[in-house]
Structure formats: C-alpha cells, structure tokens
Amino acid sequence: MKVLLSWLQELAPFPDDPELIGDTLSDLGTPVEAMERIGEGWDGIVVARVLDLRPHPDADRIQLVDVDPGDGGPLQIGCGAFNMAVGDLVPLATIGSTVPGGLRIERRKLRGEWSNGMLCSSRELGLGGDHAGIRILEPGAAPGTSLAEALGVAPDVLYELEVNPNRPDAMSVAGIARDLAARLHLPFALPEPTVATAGAPAGSATTVEVLAPELCGRFTAWVLRDVTVGTSPEWMQRRLTALGMRPINALVDISNYVMLELGQPNHPYDLHRVAGGGFRVRRARTGEGLVTLDDVERTLTRDDLLICDGDDRAVGIAGIMGGAAGEISESTTDVLLEMAWFSPAAVSRTSRRLGLRSEASARFEKGCDPEGIDRAARRFCQLATEICGAVVAPGSARAQGDLPSRAPVRVRPARVNALLGTDLTADHIRDQIEPIGFACAPVEGDLDVMVPTWRPDTTTEVDVVEEVARHWGYRAIPIRQLSQPRSGGLTARQARRRGVRRLLAGLGLAECLPLPFLAPGQLEACGLPPGGIELLNPMVAEESVLRPSLLPGLVQATALNAARRRPGVALFEIGHVFGVPPPGQVLPDEREHLAVLLAGREAPAAVATWLVLADQLRAEAPDVENAEVPGLHPTRAGRVLVAGPDGATPVGTVGEVDPAVLAGHGVEERVAWLEVDLGALLDGRRRSGAFRPVSRFPSSDVDLAFEVPEATSAIAVERTLAGASPLVWSVRLFDVFRGAQVAEGCRSLAYTLRLQARDHTLTDEEMAAARAACIAAVERAHHAVLRG
C-alpha cells in the first residue's frame with residue numbers, strides 16, 4: 001500500500017516531518033519499505049510551447065522541435081518522441097537544470113544537430129506514467145512558467161507500506177490516517193461528502209436482487225445522469241499515479257480514488273449497456289463464461305459469485321473485476337454505480353482459482369466495512385458532480401444479505417498484562433483503542449469492547465490485546481527475561497555421545513547407516529562365528545539375522561565404494577548390535593557400538609583413532625593388547641582396554657580387517673578397523689579434566705628406538721616412557737619396523753620424547769639423566785633392547 005503525506009494531512013493535522021511519520025507508521029505495525037520525496041528537483045524545468053516539428057536530416061528516430069521557452073524566440077530541441085503537435089504545451093528542462101533521477105541537462109549535438117535542453121515525459125519528471133511520450137500539459141499556462149507552478153505541484157512524500165493480512169483498515173488512506181492520528185494524539189475526521197440530488201429517484205431506474213445472501217451481505221446501486229466523461233483533474237491523476245494506478249478517464253479515476261481513500265471497492269457501469277437497468281447477484285452456473293475488462297474470457301463454477309444485469313446476463317465477477325459489456329466509455333452519459341459487501345472467503349477462492357488479482361479483490365479478501373458503503377457512494381457522487389457535472393438521482397436501490405454477526409469482546413486487564421508484560425489499567429487500555437474506533441464499556445473491572453465494522457479481523461480478546469500493544473508501543477513494553485525454567489536439554493551422557501559424533505566427523509570420517517539385519521551366511525563371509533539371532537518374521541528372507549557386530553555392514557559399504565572406483569573411504573557408524581541373551585534374560589543382549597573403518601590405512605591408524613577417542617572422553621588408562629580377533633588380521637589385531645574396577649577392562653577391538661574377508665568382498669586395499677562398546681565407554685571411569693600449565697621454557701626432543709617382542713603393546717611402552725621421568729612432557733610413536741635388522745619375533749618401535757621443565761631451561765646433564773632413566777625403564781618393563 002502506498003500513501004502520500006499530503007493526502008494524510010487532509011484527514012488529520014500531521015506535521016511536516018517525514019521521518020517522524022515513517023517511524024510512527026513502522027512502530028504501528030505497517031513497516032515503511034520505502035520513502036520517496038516527490039515534486040522536488042524541478043528547478044529549471046519550465047513550460048514551453050511547440051512552434052515547429054521537422055525530421056532530423058540524419059536520424060529517423062529523432063525529430064527536431066522548435067519551442068518557445070518564454071522569451072518568444074525559437075529554441076531547437078532534439079527529441080525521440082513523436083506524440084506532440086504544434087501549439088502543445090510541454091515540459092522543458094533547460095540547460096544547467098537537473099531532472100529527478102540526477103541527469104544534468106547540457107547543450108549537446110545529436111547526429112550533428114544541436115539540442116538546447118530536453119523535453120520531458122511523466123516518468124522523467126518523477127510523476128510515473130508513460131515513458132514513451134512527452135507529457136502534454138493542459139492549456140492555459142504561459143510559456144516560461146515554472147512547471148511546478150503550472151501543475152500546482154508542491155513537494156510531497158510517498159510512503160510504501162507493508163500491510164499484513166490482519167490489517168484491512170490499512171488498505172485505505174483513511175485507515176492509515178486514523179491509526180496514525182491516534183498514536184500521535186491528533187484529531188481525525190473522515191470526509192463528510194454532501195451531494196445535491198435531482199430528478200427521478202434511483203429506484204425508478206434500477207433494481208437490485210441478491211440471490212446468494214450468504215455470499216453478498218449488502219448491495220447498493222446509485223444512478224448518476226448527464227455525466228460528461230473526460231479526463232480527471234491533474235491533482236487526481238498525480239495522486240493515482242503516485243499510488244501506482246494508471247489514470248484512464250474521469251469516472252474510472254474517481255472510482256479508483258474513492259477506493260484508495262476509503263477502502264471501499266466500487267464499479268461504475270454504463271446504465272444504457274446494463275440490460276434491464278438492474279442487478280441480480282447470484283452464483284455462477286458451472287461452465288458459464290464472462291469476458292472481463294482485461295479482454296480475457298473466464299470460465300466459472302458454482303463457487304463463484306456473479307453480478308448480472310436485469311436479463312440475468314453476467315456483467316462482472318463479484319469483488320474482483322467487471323465485465324467488458326458494461327464498461328464506461330467516452331459516450332457514457334448515465335452511470336449505474338455499484339457498491340457492495342462480498343464474503344472475503346468467496347472472493348479469495350475465486351481470485352485464486354482464476355489467477356486474477358485486482359485492487360478490489362485485495363481489499364475484499366481482507367474484509368471491507370459494510371457500514372462504510374453509503375459514505376463511499378456519497379464521496380463518489382460528490383466528486384462526479386464536481387468533475388463530470390453529474391446529476392445524482394435521489395436515493396439508491398439496495399438489497400440485504402447475511403452480514404457477519406457482531407458481539408462485544410470481553411477484555412480483562414489482567415490478561416492483557418499477562419500477555420504483554422505490562423501493568424496497564426482498564427483506563428489505559430481504553431485510551432489506546434477508543435481513538436481507533438473500539439467502543440469500550442466497563443464491566444466489573446473488565447471491558448466489553450465493541451469492535452468497529454472496519455476491523456473484521458478482530459474477533460477475540462487476543463486480537464484486542466494486539467491493538468493495545470500496537471498503540472501503547474512495542475518499544476514501551478519492557479524487555480524481560482523469561483523466569484520459567486527451561487525444560488529439556490541433554491544429559492551429560494547424551495552430550496558426550498553427541499561429542500563423539502562431532503569428533504569423528506571432524507577427523508574426516510563420513511557417517512554410515514547400514515541396516516541392522518544381515519543375510520544368512522554374511523557373518524561367516526566376514527570371518528565372524530555363525531549363530532546370530534534369527535528373526536521369526538523378517539520383512540525379507542535376505543535380512544533375517546540380527547547383527548552381532550558392525551563389521552559386516554561397513555565392509556559391505558567399503559566393497560560397494562570399491563566397485564565404483566572409490567577407494568580409501570573413511571567411515572564410522574554408531575549403531576546397535578545384538579548378542580545372545582545371558583541366562584535369565586529373554587530379549588537379546590542389545591548394546592550400542594561405535595565402529596571406525598579406514599580403507600587404505602594400517603592398524604596404527606585405527607589405534608591412533610582409538611587414542612583420540614579415548615582422550616575426547618577422558619577414558620582412564622586407555623590401552624591396547626595384542627589378541628586374535630575373529631574377522632581381523634591374525635597378527636595385526638588386538639583388544640582396546642580402559643581402567644575398570646578390577647583392572648584393565650576390554651571395551652572393543654582394533655586392528656586390520658582379515659585380508660581373506662576383504663578379498664571375498666572384492667576389496668584390494670588394507671583396511672584399518674576399530675569397534676568399541678560405546679555404552680561401556682561412556683559409562684566408564686574418567687580421568688580428571690585438569691590440564692598441566694604450559695611451560696614458558698625451551699623444550700628438547702629426543703628420539704629413542706627399542707626392539708621389543710611382537711606381543712609388547714606400543715601403548716604400554718609409551719606409558720612407561722611417559723612415567724620414567726618428570727621431565728618427559730610428551731611421547732609420540734613415529735615408526736614401526738619389521739625386517740632383517742630386527743630379531744625374529746620382534747619389532748622396532750621408535751618414539752620422539754619431548755623433555756621440558758616447568759621452571760627453568762634444561763641442562764645437558766638433566767637431559768642425559770632423563771634419557772637414561774627412560775631407557776632403563778623400558779628395558780626393565782618390556783625386555784626391550786635399545787637400538788643404535
């Protein structure tokens with residue numbers, strides 16, 4: 001919805017403060033999407049008279065126009081428009097002026113001919129309208145007169161507002177002015193049109209019949225005679241153009257003007273083209289057709305409402321668009337004016353089905369004021385009398401249908417304050433809503449509020465509370481933090497579980513979600529013992545075994561990627577496995593496991609992932625011990641352990657997938673594997689979360705390589721090194737070697753030790769002593785030999 005400040009000021013004494021008006025409109029719930037100053041920037045633009053028109057000698061699309069700018073002498077202008085004639089008055093932007101939009105006018109050549117200014121179209125003047133032709137001015141102004149004076153244009157401000165569906169009153173200038181005046185505590189008054197009538201009563205020339213009272217609550221028809229259809233006044237055209245409507249002729253412009261001003265759609269018909277001289281309002285017959293004003297034939301259904309003439313032929317789609325048959329033309333002398341109230345739901349339904357939106361349907365869909373029809377009709381007649389010389393017939397023809405019922409809404413101040421967080425009394429509430437037409441009657445400390453007919457959206461107490469909030473001011477409502485406790489949230493265990501998923505994703509692993517059902521024989525294909533729990537009623541026979549491990553699903557996913565030339569996948573899964581129920585338990589032993597599969601990687605990569613996971617969960621004393629594990633490599637597998645009440649407790653397995661299993665699935669690369677009982681890990685003992693302070697003194701790195709038996713865990717050696725001296729800050733395994741240089745049944749483990757003191761720089765003697773202590777500790781604990 002667009003609205004002009006000057007139009008608002010005709011209804012209330014608003015100040016000339018565009019920013020204040022814009023801020024207030026936004027605070028009232030009609031946000032200002034754009035604010036434009038118009039009628040400014042016309043300095044140097046004058047009225048000129050066309051003296052001569054001639055073709056440009058070297059350009060087909062340009063003509064040379066001689067004009068009189070007020071000094072009598074001809075001034076040559078190059079112009080690309082051809083809608084002028086000798087004697088016309090046109091706007092001339094003189095040399096040195098700047099037209100709206102920022103274009104500065106200078107003397108310049110057009111294909112070798114001088115142009116000493118620019119003739120302007122309506123759009124170039126910031127008045128909207130057609131850009132294709134020069135604006136032709138009304139006769140009367142003398143050449144040289146400033147354009148603003150000739151047009152009677154004063155600087156104005158155009159607001160473009162966002163109107164929500166629950167604000168039908170904001171679809172008119174009057175509704176916006178009423179709301180704005182109430183907030184600014186200014187007097188507001190609607191125009192009270194006075195109309196002189198003459199001649200035979202309207203009832204003698206027309207009749208009205210409503211055959212669908214559930215869809216048409218009120219229908220009126222007024223008769224205007226001796227009408228002269230010409231152009232509307234310049235001031236009306238400017239307002240219509242500014243608000244986005246194209247001027248057509250005086251009667252159509254008056255119709256649109258009244259709709260914009262008061263929010264009541266209306267339609268003038270040529271009385272002599274309405275057969276039978278009357279109206280019938282009825283439902284359409286299925287398949288019935290009508291050519292609307294846009295020259296499109298519409299096919300209707302019984303859900304649509306039609307306005308028909310006295311011979312029952314359709315002349316308009318109710319609330320949306322009139323038919324071409326009764327259109328106003330220059331030859332029209334007698335007018336039949338229709339104003340009505342139509343069901344918002346019916347108009348909306350027809351408009352959506354036909355894909356036909358109009359300014360009228362936009363207002364009817366939100367809800368119009370049935371009690372405002374007579375005022376709007378009188379306003380139309382008043383303007384038609386002044387502009388078109390119309391003679392208004394006394395009275396009107398009217399018919400009544402079913403209008404929405406109205407009942408007072410009980411508003412409780414306590415409820416208002418509970419919803420808004422305010423401390424308003426009944427008098428405060430009344431002061432906010434009475435200026436916008438809500439009548440209030442006190443009832444035992446509460447208020448019975450009668451909602452005005454122009455606010456059909458307001459039907460409940462909460463709707464009235466919203467109006468109170470708008471006019472009290474959202475900014476005036478204090479901001480308070482909710483005092484109610486927040487329900488829900490993650491438990492500590494749930495938070496740790498979610499952290500595990502984030503950790504693995506951060507390590508570059510993709511989550512995989514295989515089904516928990518396996519085919520018979522799939523366990524054996526993965527090197528796992530048979531005997532999984534079979535379902536009695538599987539959905540398909542190929543998925544009849546509950547998995548006891550996550551290995552089959554992830555191996556199958558790896559094989560699927562390998563078959564599509566996607567090696568090196570890194571996957572993880574958090575899912576449930578099902579073991580044989582222990583004695584005394586009926587249901588399977590269901591546990592939540594976490595598995596990590598790293599294709600193209602070796603066992604140490606899985607061990608490293610295990611240590612990162614254990615560190616994330618602060619598992620106490622994480623370890624690995626060599627062991628034979630079904631489905632994993634015979635010599636590159638083990639169990640992962642954490643501290644438990646009775647010492648080290650196994651919580652999973654780690655290593656590499658058995659090459660025979662991989663070959664059976666068509667996987668040609670080595671695959672690292674880790675599977676842990678996530679539930680046991682989350683519920684297990686956790687080390688302290690305290691961190692050591694960081695030393696500000698230099699550190700030194702020492703590399704040590706040991707030859708140890710194959711059965712010796714690399715983590716056990718690492719733990720021995722870490723505890724051998726208080727100067728050992730960190731230990732990192734960087735190499736594992738097997739070969740001829742190492743004794744049979746042994747391997748070489750190489751570590752980097754970082755030595756650092758918290759309070760001083762280490763001496764050579766201290767470093768040598770720490771190194772010797774670490775070597776001795778490993779040799780004692782693990783039967784290791786230091787390699788040279």
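Close-up 1. Buried here stands for under 20% relative accessible area, exposed for over 50%, and partly exposed for what falls in between (1.4 Å probe, protein chains only). Helices (H or I, at least four residues) and strands (E, at least two) are DSSP runs, numbered from the N terminus. A word on the source: this is a predicted model, in which local features need pLDDT of at least 70 and side-chain atom pairs count only at pLDDT 80 or more, while totals for chains, interfaces and linings use all residues. Residues are numbered from 1 along each chain as its sequence is written, and side-chain values use heavy atoms, with hydrogens and water left out.

Spanning residues 461–472, α12 reaches 16 Å from its first C-alpha to its last, close to the 16 Å expected at 1.5 Å a residue; the expected span is 1.5 Å times one less than the number of residues. The buried set consists of Glu461, Asp463, Val464, Val465, Glu467, Val468, Ala469, Arg470 and His471. These residues pack against α2 (18–27), α4 (173–183), β23 (409–411), α10 (413–420) and α11 (426–433); contact means heavy atoms within 4.5 Å. After the helix comes Gly473, with a positive phi near 105 degrees.

**Close-up 2. Thr145 in its loop.** Look for Thr145 in the loop between β9 (118–119) and α3 (147–151). With 17% relative accessibility, Thr145 counts as buried. A polar atom of its side chain lies 2.7 Å from the backbone oxygen of Ala142. Setting aside neighbours within four places in sequence, Thr145 is in contact with Val46, Val47 and Ala150.

**Close-up 3. Phe380 and the nonpolar cores.** A nonpolar core is a set of buried Ala, Val, Leu, Ile, Met, Phe, Trp, Tyr and Cys residues joined through side-chain atoms within 4.5 Å. The largest one has 98 residues, of which Phe219, Leu224, Phe279, Phe342 and Phe380 touch the most other members. Not counting residues up to four places away in sequence, Phe380 touches Leu224, Leu251, Ile254, Ser255, Val258, Asn266, Pro268, Leu337 and Met339. Another core, of 29 residues, lies apart from it and includes Leu598, Trp610, Ala619 and Leu681.

**Close-up 4. Two loop residues with positive phi.** Asp226 sits in the loop between β12 (216–225) and α5 (234–242). Although Asp226 is not a glycine, its phi is positive, near 55 degrees. Asp226 is exposed, with a relative accessible area of 52%. Glu444, in the loop between β24 (439–443) and β25 (446–450), also has a positive phi, near 50 degrees, in a residue other than glycine. Glu444 is exposed, at 80% relative accessible area.

Close-up 5. Nine bridges join β32 (632–644) to β33 (647–657), which run antiparallel, and Val642 stands opposite Thr649 in β33.

**Close-up 6. Glu675 in strand β34.** Glu675 belongs to β34 (residues 671–677) and, at 7% relative accessibility, counts as buried. Its side chain makes a polar contact with that of His593 (2.9 Å), and a polar atom of the Glu675 side chain lies 3.1 Å from the backbone nitrogen of Leu550. A polar contact is a pair of N or O atoms within 3.5 Å; within protein, one must be able to donate a hydrogen and the other to accept it, and residues adjacent in sequence count only if both atoms are side-chain atoms. Leaving aside neighbours within four places in sequence, the contacts of Glu675 include Ser549, Val577, Ala595, Val651 and Thr653.

Note on methods
Two strands pair if DSSP finds at least two bridges between them.
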